[in-house]
Each structure stands twice: as C-alpha cells, then as structure tokens.
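Colleague: I would like to learn how to read a model like this one. Please start with the surface and then go on to single residues.

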Amino acid sequence: MELFGLAMEQLYMYILIIAGAITVLYVFFGDIADGGDAIPFFNPTVILAFFTLAAAAGFLLETLTGIDSLAIIGMSVAIAVLLDFLLYFFVLLPLSSAEASIAYTDESLLGQVARVIIPIPVDGYGEVALETYGGMIAKRAAGFDNEAIGQDQQVLIIEVRDSTLYVREYEPVSFNTTN
C-alpha cells in the first residue's frame with residue numbers, strides 16, 4: 001500500500017526520524033516550551049512518544065510481517081496508545097510529583113536542631129549532623145560564643161559563615177501545666 005506516493009515502510013521511517021529529531025530538540029529546549037500541566041495528555045512528551053512509538057511499531061510490523069497495511073496502522077496505533085499510557089502513568093507522572101531537588105542552602109539550615117558527632121572544643125571546630133528531607137548532612141561546626149560542646153549534645157544552628165555552622169546548646173522548652 002502507498003500513501004502520499006510513499007511506500008508505508010518509508011512513511012513510517014520518515015515519521016520516526018522526524019518525531020525522534022523533535023524529541024531530541026524537546027529534550028534540550030523543553031523548558032522553554034513547557035506549558036505546564038493544564039491537560040496532561042497534551043503534554044509534548046506524551047505526544048512525541050505516541051508518534052515515535054506508532055511509527056516504530058508500524059515500521060517493524062510492515063517490514064517483518066505480511067499483514068495488511070490498514071490492520072498494521074490500527075495495531076501500531078493501539079500499541080502506541082498502550083505504551084504511551086504506561087509511559088505517562090508509570091514514568092512521567094511519578095517524576096512530575098517527585099521532589100525537584102535534594103539540594104539545600106546554608107541559610108536553609110538556620111534554626112534547625114542538629115546533633116554533635118565530633119565534640120566542639122573551645123575556639124575550635126567539631127562536626128554536627130542533621131537530618132533533612134534529602135538525608136543526613138554532616139557539617140563543620142563551632143560554638144557561637146566559643147564554648148565547648150560535648151558529643152551527642154543537641155545544638156541549635158544560629159549562624160552560617162564560610163560553610164561553618166555556629167551553634168549553641170539546644171534546650172527544649174517544656175511547658176509545665178501543673179503549679
């Protein structure tokens with residue numbers, strides 16, 4: 001069968017090459033063209049994947065089988081819809097709801113409570129560990145008033161200078177309701 005004066009194998013290959021080239025461009029420049037999540041199935045990633053998968057399935061079926069071309073078009077569209085559905089719900093949707101970054105800034109550590117893992121001497125440095133959503137962070141620390149702080153003490157991060165945390169012993173406030 002021919003369509004637009006081309007054999008079906010050629011048509012599938014041209015669609016595959018064009019969709020693949022647009023996909024590569026979208027990978028590099030996708031942030032510019034990102035339209036948000038208004039209608040999820042009109043996401044460019046989903047549309048490009050559909051055309052790429054349909055063209056690949058059509059090309060393979062056309063060259064490897066003797067099935068009628070109209071049946072191959074239907075089968076390749078069905079295969080592409082199924083694989084596109086799986087791609088969207090099992091890859092793209094979980095990725096879009098994942099945390100954007102596990103990075104942190106030194107300023108985001110201010111006011112957090114940490115635990116001393118290497119004792120902090122007077123006028124010296126030790127190390128504290130604190131737990132964030134990205135995991136455990138160990139940082140160099142010094143006493144805010146140059147005081148010594150022992151191991152396993154809880155400390156409050158007061159200031160950050162030159163990647164050093166300046167801390168004070170943390171004293172949790174307890175409200176005693178009985179007089």
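Modeller: The accessible surface of the protein is about 11,900 Å², and carbon and sulfur atoms hold 64% of it. Such areas come from the Shrake-Rupley method with a 1.4 Å probe; for residues, only the protein chains shown count as cover. This is a predicted model, in which local features need pLDDT of at least 70 and side-chain atom pairs count only at pLDDT 80 or more, while totals for chains, interfaces and linings use all residues. Residues are numbered from 1 along each chain as its sequence is written, and side-chain values use heavy atoms, with hydrogens and water left out.

Colleague: What is the mean pLDDT of the protein?

Modeller: pLDDT is the predictor's confidence in each residue, from 0 to 100. Here the mean is 83, and 84% of the residues reach 70 or more. Strand β1 (residues 2-3) has the lowest confidence, with a mean of 66, whereas β3 has the highest, at 92.

Colleague: How many helices and strands does the protein have?

Modeller: Both are DSSP runs numbered from the N terminus: helices are H or I with at least four residues, strands are E with at least two. The protein has 3 helices and 7 strands. Their order from the N terminus is β-β-α-α-α-β-β-β-β-β.

Colleague: What percentage of the residues in the protein is buried?

Modeller: Buried means under 20% relative accessible area, exposed over 50%, and partly exposed in between (1.4 Å probe, protein chains only). Of the 179 residues in the protein, 24% are buried.

Colleague: And how should I read the contacts?

Modeller: A contact means heavy atoms within 4.5 Å. Among contacts in the protein with a separation of 6 or more, 50% are between residues 24 or more positions apart. Leaving out residues up to four places away in sequence, Ile67 touches Ile72 and Met75. Ile67 counts as partly exposed because its relative accessibility is 36%.

Colleague: Which value does phi of Asp123 take, and where does Asp123 lie?

Modeller: Phi of Asp123 is near 55°, a positive value in a residue other than glycine. Asp123 sits in the loop between β3 (113-118) and β4 (126-132). With a relative accessible area of 61%, Asp123 is exposed.

Colleague: Is Ser163 buried, partly exposed or exposed?

Modeller: Ser163 has 40% relative accessibility, so it counts as partly exposed. Ser163 belongs to the loop between β6 (154-161) and β7 (164-169). Its phi is near 60°, again positive in a residue other than glycine.
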